[in-house]
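Here are my notes on the model, point by point. Please read them next to the coordinates.

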2 protein chains.
Amino acid sequence: MRNAEATRERLVQAARRIFSERGYERTTVREIAAQAEVNPALINRYFGGKEQLFAEAVSVDLALPDLSGLESGRIGLALAAHFFRRWEGAEHDDLLRTLIRTAATNPEAAVRIREILGRQVAPMISRVAGSERLAERAYLVATQILGLAYARYVINLSDDDIARDTLVAAIGETLQRYLTAPLQ
Amino acid sequence: MRNAEATRERLVQAARRIFSERGYERTTVREIAAQAEVNPALINRYFGGKEQLFAEAVSVDLALPDLSGLESGRIGLALAAHFFRRWEGAEHDDLLRTLIRTAATNPEAAVRIREILGRQVAPMISRVAGSERLAERAYLVATQILGLAYARYVINLSDDDIARDTLVAAIGETLQRYLTAPLQ
DNA sequence: GAGTTAAGTCAACGGTTGTTTACAAGAGGT
DNA sequence: ACCTCTTGTAAACAACCGTTGACTTAACTC
């Protein structure tokens, strides 16, 4: 019955759920513990505190696909499609939403986002775009991806009457330009 | 010496500053009062509470320029330039940043953003793009603008080594496409 | 200059937060 | 069955939050 590993995992999963809904500040450790059906004190025992639990709960892997094989004109589209699939798929990956929500008021979460962009997005771009204007391209891609996620999954900007394919095509074309089109 | 109108204004301005830095939850009324050099109780006297003070502190007017006179191919660029000017100009308009920051965890602030987009951005788009695919165009424009503001002014994504003109040109071209290019 | 009203202060309340401490109970080895 | 270490619980702590009500002080009227 008593299984430290299992309750630890239950805490992490409950934390992911609630952090993603309310962000860091509005989430209470008591609520997490209640949803995990354990005692709040265990959060301190297992993680050391709320902050460390958060750090462990959100370790985002964007799982960016290998785009190097694609014909170069379709990379943007593939990338856009990937993110939609990722955010709306069965696995329902809320981690990036959690981070975006929280980073708005929590400096540490902001650092995490910058790390993800630097460690996952930037290398991907260098693979498909060479090293030409890398920083600028990464920055532009980031603004569009973050903006899409923010509008759609954080403030729930209404997307009724908008076909998903239309969105994917339009955003994909933008990403394509940011990745490969000549700048300035 | 004692001037209700003046201290009221001091409170609003202090509130704008701190809300924009920390967001709603991490901002305390005591801190606002301290920065305004008045007693915390006055916030309740003058505004009714923290929430109403916030509502009064953030009433954003995007001051979108009249773009109908421009030649149609330059609207996107003008729009992008407008936002950069707006956010980095002398007036240093932090209100939208405050809202974006706060809307991440505060549903009411999210409503405000949706209102602003609906009441200010959407009509502007209908003026320059007719009524063709209005909802989709507004949505796309919103994702790019919000993403830019979020990356640049909320999580302070590093933009060293990136010329402002390059950004304006690239973002402007995106907005242009979202506004006028055929969709899907 | 006394009296009235507005403006500002002070201290406390009730509630919630993250965290800690002391204790109880289950699991496993001997 | 007894002891021991791990796992879990209960209660309280100390700090902070927004808010309130009673009080004091300044400004203005007559």
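1. In this predicted model, the contact between the two protein chains takes 38 residues from chain A and 39 residues from chain B. On the side of chain A that touches chain B, the elements that give two or more residues are H1 (4–26), H6 (95–103), H7 (107–129), H8 (134–154) and H9 (164–180) of chain A. H8(A) gives the most, with 13 residues. By residue class, this side of chain A divides into 20 nonpolar, nine polar and nine charged residues.

2. Chain A as a whole has nine helices and zero strands, so the order of elements from the N terminus on is α-α-α-α-α-α-α-α-α under the DSSP assignment. The C-alpha atoms of chain A fill a box of roughly 55 × 40 × 30 Å along the principal axes. Of its 184 residues, 38% count as buried. Among contacts in chain A between residues at least 6 apart in sequence, 66% join residues at least 24 apart.

3. UniProt, in an unreviewed entry, places the feature "domain: HTH tetR-type" at residues 5–65 of chain A. Over residues 5–65, chain A is 74% helix and 0% strand. The end C-alpha atoms of that stretch are 32 Å apart.

4. Helix H5 of chain B (residues 75–88) has 14 residues and reaches 20 Å from its first C-alpha to its last, close to the 20 Å expected at 1.5 Å a residue. Its buried residues are B:Ile75, B:Gly76, B:Leu79, B:Ala80 and B:Phe83. Seen down the axis of H5(B), the buried residues fall within an arc of 135 degrees, so they line one face of the helix. An α-helix has 3.6 residues a turn, so residues three or four places apart point the same way. The cover over the buried residues of H5(B) includes H7 (107–129), H8 (134–154) and H9 (164–180) of chain B.

5. A:Leu77 lies in helix H5 (residues 75–88) of chain A. A:Leu77 and A:Gly118 are 41 residues apart in sequence, and their C-alpha atoms are 21 Å apart in space.

6. Most residues other than glycine have a negative phi. Phi of A:Asn156 is near 55 degrees, a positive value; A:Asn156 is found in the loop between H8 and H9 of chain A. A:Asn156 is partly exposed, with 13 other C-beta atoms within 10 Å. Phi of B:Asp161 is near 65 degrees, also a positive value, and B:Asp161 is found in the loop between H8 and H9 of chain B. B:Asp161 is exposed, with 9 other C-beta atoms within 10 Å.

How values were computed:
Residues numbered from 1 in each chain as written. Chains lettered and ligands numbered in written order. Predicted model: local features only at pLDDT ≥ 70, side-chain atom pairs only at ≥ 80, totals over all residues. Helix = DSSP H or I, 4+ residues; strand = E, 2+ residues; numbered from the N terminus. Expected span 1.5 Å × (residues − 1). Buried ≥ 20, exposed ≤ 12 C-beta atoms within 10 Å, placed from the backbone. Arc of directions from axis to C-beta. Contact = placed C-beta atoms within 7 Å. Nonpolar A, V, L, I, M, F, W, Y, C, P; charged D, E, K, R; others polar. UniProt positions renumbered as here; feature names shortened; annotations may be inferred.
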